[in-house]
Amino acid sequence: MTLATPAAAVEKFSGAYESLVAGNSDVPEWLKAVRQQGWATFSELGLPTKRRGNELWKYTNLQPLAAADFAYSIGGSVTVDQIKAAGPWDDAWNTVVVVDGKFSAELSNLHDTVGLDAGSLAEAISSGKGDIESQLASLAGREEYAFTALSTAFIEDGAYLAIADGTELEQPIQVVFVTSDDPESRASYPRLVVDAGANTSIVLIETYLNLSESSQFSAPVAELFAGDKSTIRHYRVQIENENSFHLGTTRVRQLGDTNFTSTTFAVGASIARNDVHTLLDAPGASCTLHGLYMTSGSQQQDQEISTTHAKPGCTSNQFYKGILSGKSHAVFSGKVVVMRDAQKSDATQKDLNLLLSRGAEIDAKPSLEIYADDVVAAHGATAGHVDKDTLFYLQSRGVDEEAAKAILVRGFAEEMLNEFEPKALNDFVERITDERIPILLEESDTIGTA
Amino acid sequence: MLEINNLHASVVDIENSEILKGINLKVGKGEVHAIMGPNGSGKSTLANVLMGRPDYLVTDGDVTLEGESILELRPDQRAHLGMFLAFQYPAEIPGVRPWQFLKAALDSKAESRGEDKMSVRNFSKLFDEKVEAVGINPNLVKRSLNEGFSGGEKKRNEMLQLEVLQPALAILDETDSGLDVDALRIVAEGVNSMRSPERSFIVVTHYQRLLNYITPDVVHILVKGKIVKTGGADLALEVEKDGYQEYLEAAGANA
Ligand SMILES: Nc1ncnc2c1ncn2[C@@H]1O[C@H](COP(=O)(O)OP(=O)(O)OP(=O)(O)O)[C@@H](O)[C@H]1O
Ligand SMILES: [Mg+2]
């Protein structure tokens, strides 16, 4: 098989794009222009390849994606029970459900919470809610990366959340993006826009589920606007089948004295990439980006994490942990840019990996680009095996080797799992982790060697 | 209870690395044996070989527990037979809480013996009791196993595990080192309260001071991988006074 050329890749999606453009006369002009811009960018870039000089995609092999074909249409058939079985759920949460890129009022569970407007993105667009026109695709997608551009070309629907100034919500808001159980391979481009007003405080859970066994392609984009002095506790859960492709983008713009804390739990897909960027755009903004990724078989999992310190006195912290087995491959690419104006910045980056097999590979590259001079920064990355002395210690107390290994792997994940505070979410990530550990250990061949 | 016959052991993968050079030792039921000896003489190696640490290779001799050889058994199987090693340097295990881990250890012991697992309620009660008995800060045991524990806290935690697991043969490798007087007394009281006609101890120590609290039945001096002298509790006092020079010279002449 030869590598798809950019032109061939563009052709793969052009039929769908043309019929989308032809079919939608009731879309506002501004959105047509946005889509057009996205498509123009994607046409120019094509699918990224590992070609030299393409630093951002150096470690990721997109060949399997380039070789596949995907139909396009939004919406599909899913039941609430399927969603509850596959992902975290709590009736007390406000939950917005998006099926194959289309908002579902029927599956969503919304409580008319004061200060919260949660619902369909398509509706927010057509009725011109809030600042949707200036916000949508402003942080992500017009002229940067291929997948965000592609997603932007296909903006139709998704979820829209607006939190009124001063609203503090204790109960989480969950947005579930679910891929229906469809034997046909399809593409979806779900969007999320969150407009958190000044002095708001929310817990946001972004969940990606896939009910299908077949190969599905999803390029979701989330854009989060954190208003002055807002606090957002964000979680991202991504769990899909091993034939699918997930190329996700999260963009966050933080205003003054905002606090954005995010923890990711990523275990799914054949190729999964989560590209997160936080822009610290006013003094006193702080962000904490944490995550746990687990890969087995021949999975590829990329965490592309970047923060820009644009203004003085901001703090950022990136800390990811990975557990890799089989012949899987993970990338942690953490980047912090401190602009000239951003004096008194504080940035830390850390990526710790547990390699359970010889065939597993991690490319961890934390990097700092500093243009200011009064900055505190630290970064580090490690990859290690399960320690044989520790294993012996556990065994000497009567725990057999298999159980001891499981205890150690679980122990490694524990500090990240503990960050998932909402009870139903915590139960969910713990359950998935406990289900994964035996699979990881089955493909393990390095435990006990130093 | 335990019989060690002509035990030779080396480090796996290192040629000519023999550390134990023919150890003979018999520990009867209910006895407390102390092993003393200079740094690097092989005390920890002996303790670890008894527990089945895979870093060491037994090249000759045998070790039997209640008449059955244990050398082919895995460490967890030895633990199920009632053996316990309190480590000189206990491992730090991030993310694993002592409570969870001890419950898992007890459960697997029960399972291996075809006994019922202890209920969570009964276990919690036992655990809390022992936490108080060994004087470990209850907040510590909510944290990761040994992670960030001070030297003394780690040793107390080893005592906690010893008391919960109630082994038939406990090997304490310098559990007294690095302890303040109060902690030392707790270790000694722990051992004394567990002393019974059914339970034996091997206590590795450098200091007479522990033996002031725990009176051993037998004291062995281990030098360069061999037991060069065996005696009663008095022997420890002699060593405290005169040091190991005499034994080192004798061992040097023999080598
Ligand atoms: N795994 C190993 N690999 C290499 N050398 C080892 C290993 N274990 C022990 N040794 C060596 O064997 C000798 C005995 O070590 P051991 O730890 O048993 O001594 P010890 O009597 O317990 O000393 P201390 O009083 O300092 O605790 C030392 O020279 C030590 O360096
Ligand atoms: Mg020692």
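Start by selecting Asp173(B) and Val204(B): Asp173(B) stands opposite Val204(B) in strand β8(B). Keep in mind as you click around that this is a predicted model.

**Stop 1: around strand β8 of chain B**

From that pair, follow the chain. It crosses from β7(B) through helix α6 (residues 181-194) of chain B to β8(B), and this β-α-β crossover is right-handed. Now select residues 169-173 of chain B, which make up β7, together with β8(B). The two strands run parallel, and five bridges join them.

What do strands use to pair up? Strands of a sheet pair through backbone hydrogen bonds, and they can do so in a parallel or an antiparallel way.

To find one of them, click His33(B), whose bridge partner in β8(B) is Ile202(B).

Now show the side chains of β8(B), residues 200-204. Are they buried or exposed? The strand is mostly covered, with five of its five residues buried. Turn the view and check which way they point: Ser200(B), Ile202(B) and Val204(B) go one way, while Phe201(B) and Val203(B) go the other.

**Stop 2: the magnesium ion**

Select ligand 2, the magnesium ion. Which atoms coordinate this ion? Look for OG of Ser44(B) and OE1 of Gln88(B), at 2.0 to 2.2 Å. Color the chain by element and you'll see that the pair links distant parts of it: Ser44(B) sits in helix α1 (residues 43-51) of chain B, whereas Gln88(B) is in the loop between β6 (83-86) and α3 (98-112) of chain B, 44 residues apart.

Ser44(B) is partly exposed, with a relative accessible area of 22%. Gln88(B), at 16% relative accessibility, counts as buried, because the cut-off for buried is under 20%.

**Stop 3: an antiparallel sheet in chain B**

Stay in chain B and pick out strands β2, β1, β4 and β5. They form an open sheet of four strands in the order β2-β1-β4-β5, with antiparallel pairing. Which strands are at the edges? Those are β2 (20-27) and β5 (68-69) of chain B, each pairing on one side only.

Then zoom in on β1 (residues 2-11) and β4 (residues 56-65) of chain B. Eight bridges hold this antiparallel pair. Click Glu3(B) to find one of them: the bridge partner of Glu3(B) in β4(B) is Thr64(B).

**Stop 4: where chain A meets chain B**

The contact takes 18 residues from chain A and 33 residues from chain B. About 1900 Å² is buried between the two chains, and carbon and sulfur atoms give 64% of that area. On the chain A side, select Phe392(A), Tyr393(A) and Arg397(A), which supply 41% of the area that chain A buries against chain B, more than any other three residues.

How many salt bridges does the rule find across this interface? There are four. Select Arg53(B) and Asp389(A) to see a salt bridge between their side chains, 3.0 Å from N to O.

Each of these two residues also has a partner in its own chain. Asp389(A) forms a salt bridge with Lys388(A), the closest N and O atoms being 3.9 Å apart. Over in chain B, Arg53(B) forms one with Asp55(B), where the closest N and O atoms are 3.4 Å apart. Arg53(B) counts as buried at 15% relative accessibility, while Asp55(B) is partly exposed at 21%. Both Lys388(A) and Asp389(A) are partly exposed, at 29%.

**Stop 5: a salt bridge within chain A**

Over all chains, the salt bridge count comes to 38. Asp374(A) lies in the loop between β22 (367-370) and β23 (375-384) of chain A, and Lys344(A) in the loop between β19 (329-338) and β20 (345-355) of chain A, so the pair ties together parts that are 30 residues apart in sequence. Lys344(A) is exposed, with a relative accessible area of 59%, and Asp374(A) is partly exposed, at 34%.

Methods
Residues numbered from 1 in each chain as written. Chains lettered and ligands numbered in written order. Predicted model: local features only at pLDDT ≥ 70, side-chain atom pairs only at ≥ 80, totals over all residues. Heavy atoms only, no water. Buried < 20%, exposed > 50% of the residue type's maximum accessible area, 1.4 Å probe, protein only. Pairing = 2+ DSSP bridges. Right-handed = clockwise from strand over helix to strand, strands pointing away. Donors = N, O, S within 2.8 Å, 3.2 Å for Na, K, Ca; no water. Contact = heavy atoms within 4.5 Å. Buried area = accessible area lost by both parts, 1.4 Å probe.
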